[in-house]
Amino acid sequence: ESTRLVLVQRLTNNLSSNSIFTQKYGALNKEDAEENAKKIEDIAFNVANEQYDREPDGDGGAAVQLYAKECSKLLLEVLKRGPEEKEKELASQNNASAETFFDISKGQRAFIKAEEAENLLRPLKEPGNSYTKICFSNRSFGLEAARVAEPILVSLKNQLKEVDLSDFIAGRPETEALEVMNIFSAALEGSVLKSLNLSNNALGEKGVRAFGSLLKSQSCLEELYLMNDGISEEAAKAVCELIPSTEKLKVLHFHNNMTGDEGALAISDVVKRSPLLEDFRCSSTRVGLGGGVALAKALESCTNLKKLDLRDNMFGVEAGVDLSKALSKHLDLVEVYLSYLNLEDEGTVAIANALKESAPSLEVLEMAGNDITAAAAPTIAACIAAKQHLTKLNLAENKLKDEGTIQISKALEEGHTLLKEVDMSTNFIRRAGARHLAQVVVQKPGFRLLNINGNIISDDGVDEVKEVFKKYPDVLGSFDENDPEGDDDDDDDDDGEKSGEGEANEDELEFKMKNLEVGQEE
């Protein structure tokens, strides 16, 4: 709230004080400037809040960027108009924003009875309303409440563009839940939707088929969300069967399902038929080697991809290598989430090489928990060095040790002025690697978080890192899981990096790494 108030003050000053823009378009008096500033901020906040709601698992970065962008756009629009027109235009925008989105998801999660449904949905019955987006999430509809909603939805279906029915049958017996889904599906059949969210409903195959009439009638969908829906192999096949056209699909999310390899084959068919896909999420879906290979091959045709999230599956090396072939064709990638895929060094190296030559605007790279060792570090470092738009790097829970950490740190030395977050936790890093990484990232303007917890940094090493961040203590993560007495968990490692000898050799290691060129192979 304090940040919002500060922004209102800045907008007020920009509207009323002397600047290039006010010289060109004219300034507002203080009173009008403040009133318009509040309206600008309120509209921008609502727009950004909707963006954040669409990405519940994101860090809010996209919403914040949109918030700033909307404020700047509206500020300029206000200045370009005279005082009276400015006020009228902002009021109409505010009203339009309020009237087009109907949302009953706020407040406590609860069962809805018929009488309550009548009261809650009454605004949707008003003649001439302009609602194009509805959200019934977080309220559990039984049969009586569904029958109240049915004629209302039928009356609205020609104007609706976005429908969110996530988590709307919680706690209902299967028979009742399926009948409720059939009612909603039939009521909305024939609507021309751009976005449909059916997440968090434990659908399974029966639930997917209960929405069959609605899904079959959709040919213009741009966004489809089926997260945490119990999408099994059979349910995935039903999805593939029931959606007639995905030619316009841009967002497809299947997070946290039990899809498995056979289900992934079905999802791959959907992906192949989605040439405009920009955002694909198939994380935590129990996909192994066969399904991973199928998804990788399907993604080759999605050359508009901007965001890819395949985290927490069992792809393995072979699927990782196949995925690298697809990634080499994705020039527009901005965010890549490939953690916990069992990629190991071979799969990681293949992907890093592919990304190095593609995705020039990459902002987020996550490859945590892939058994990556220092042997893969030169390739990863070469890839990172080429990504000057990088804001977040996550290589946690690997085995990069000091050697790999220093190589990756060196890749971040030149440029990378947009870098905000680095996670190298649980990598068997000692004093030298921690110190070098800290010295590099602390120099980045706007840097927010370094996480090197869960490593084996000596007490003196921890003190050195804290000294590096003494002016910015909030930027340095916790050390509560650091083990200064730990070893590097490498049984065949006899390089003297254990117990007393480890500390003695850390400075020597850093010296050896000092003149190593980024991308240099051993």
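Modeller: Serine 199 is buried, with a relative accessible area of 2%; buried means under 20%, exposed over 50% and partly exposed in between, using a 1.4 Å probe and protein chains only. Keep in mind that this is a predicted model, where local features need pLDDT of at least 70, side-chain atom pairs count only at pLDDT 80 or more, and totals for chains, interfaces and linings use all residues. Residues are numbered from 1 along each chain as its sequence is written, and side-chain values use heavy atoms, with hydrogens and water left out.

Serine 199 sits in the loop between strand E6 (195–197) and helix H9 (204–210). Helices (H or I, at least four residues) and strands (E, at least two) are DSSP runs, numbered from the N terminus. Setting aside neighbours within four places in sequence, serine 199 is in contact with Leu165, Ser166, Asp167, Tyr225, Leu226, Met227 and Asp229, contact being heavy atoms within 4.5 Å.

Now two other loop residues. Asparagine 342, in the loop between strand E11 (335–337) and helix H15 (344–357), is partly exposed at 37% relative accessible area. Its phi is near 55°, positive in a residue other than glycine. Aspartate 371 also has a phi near 55°, again in a non-glycine residue; aspartate 371 is partly exposed at 40% and lies in the loop between strand E12 (364–366) and helix H16 (377–385).

H16 itself has 8 of its 9 residues buried, so it is largely enclosed by the rest of the structure. Among those buried residues are Pro378, Ile380, Cys383 and Ile384, and the buried set packs against H15, strand E13 (392–394) and helix H17 (401–411).

H13 contributes Leu289, Gly292, Val293, Ala296, Lys297 and Leu299 to the contact, while H14 brings Glu318, Ala319, Asp322, Leu323 and Ala326.

Last, the cysteines: cysteine 240 is buried at 17% and cysteine 282 at 1%. Taking a disulfide as a pair of cysteine sulfur atoms within 2.5 Å, the count comes to 0.
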